[in-house]
Amino acid sequence: GSIGGLLFALGMCMCLLPEWNAFKPGLVSGVIGIIVLLVMWIVRRKMEGKPAVKINGKTVGTVIFGIMGALVFGTGMCMIMAWNGMLVSGIIVGVVGIFLLLCLLPICKGLK
């Protein structure tokens, strides 16, 4: 899993940093990282004896909510680091994104 994460992160850096001038190799590295992570996820579920993930409304909604939280958090990071003059608003958007991602805990695990 660590190798997949590193490949994905390096690929995204290669794609998003114009100084590196490595968009196409970064895209390949990112896709390979995603494939490795998906394979590792499937293998881990089989090793733990868990059944395959059932796709229902709650699963789809949780995934969409997680993607939206990550996008809001990433937008806040971009506002701070890449867009000039948006430090305070970027921090606010980033904190909202963190809050959305933290809301995934009770959605996935439930409250006890």
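Select Arg44 to start: at 56% relative accessibility, Arg44 counts as exposed (over 50% relative accessible area; buried is under 20% and partly exposed lies in between, with a 1.4 Å probe and protein chains only). The model is predicted, with local features needing pLDDT of at least 70 and side-chain atom pairs pLDDT 80 or more, while totals for chains, interfaces and linings use all residues. Residues are numbered from 1 along each chain as its sequence is written, and side-chain values use heavy atoms, without hydrogens and water.

Glu48 forms a salt bridge with Arg44, with 3.2 Å between the closest N and O atoms (a side-chain nitrogen of Lys or Arg within 4 Å of a carboxyl oxygen of Asp or Glu). Next select Lys50, whose closest N–O distance to Glu48 is 3.3 Å, also a salt bridge. Shared partners join Arg44, Glu48 and Lys50 into one network.

Move to Asn21, in the loop between helix H1 (2-16) and helix H2 (23-47); helices are DSSP runs of H or I, at least four residues, numbered from the N terminus. Asn21 is not a glycine, yet has a positive phi of about 50°. Asn21 is exposed, at 71%.

Finally, select H3 (57-81) and H4 (87-102), which pack at about 160° with axes 7 Å apart; axes are lines fitted to C-alpha atoms over the stretch in contact, and angles run from 0 to 180 degrees between N-to-C directions. That makes H3 roughly antiparallel to H4 (over 145 degrees). Contact residues (heavy atoms within 4.5 Å) include Phe65 and Phe73 of H3 and Leu87 and Ile91 of H4.

Methods:
Helices (H or I, at least four residues) and strands (E, at least two) are DSSP runs, numbered from the N terminus. Angles under 35 degrees count as roughly parallel, over 145 as roughly antiparallel, 65 to 115 as roughly perpendicular and the rest as oblique.
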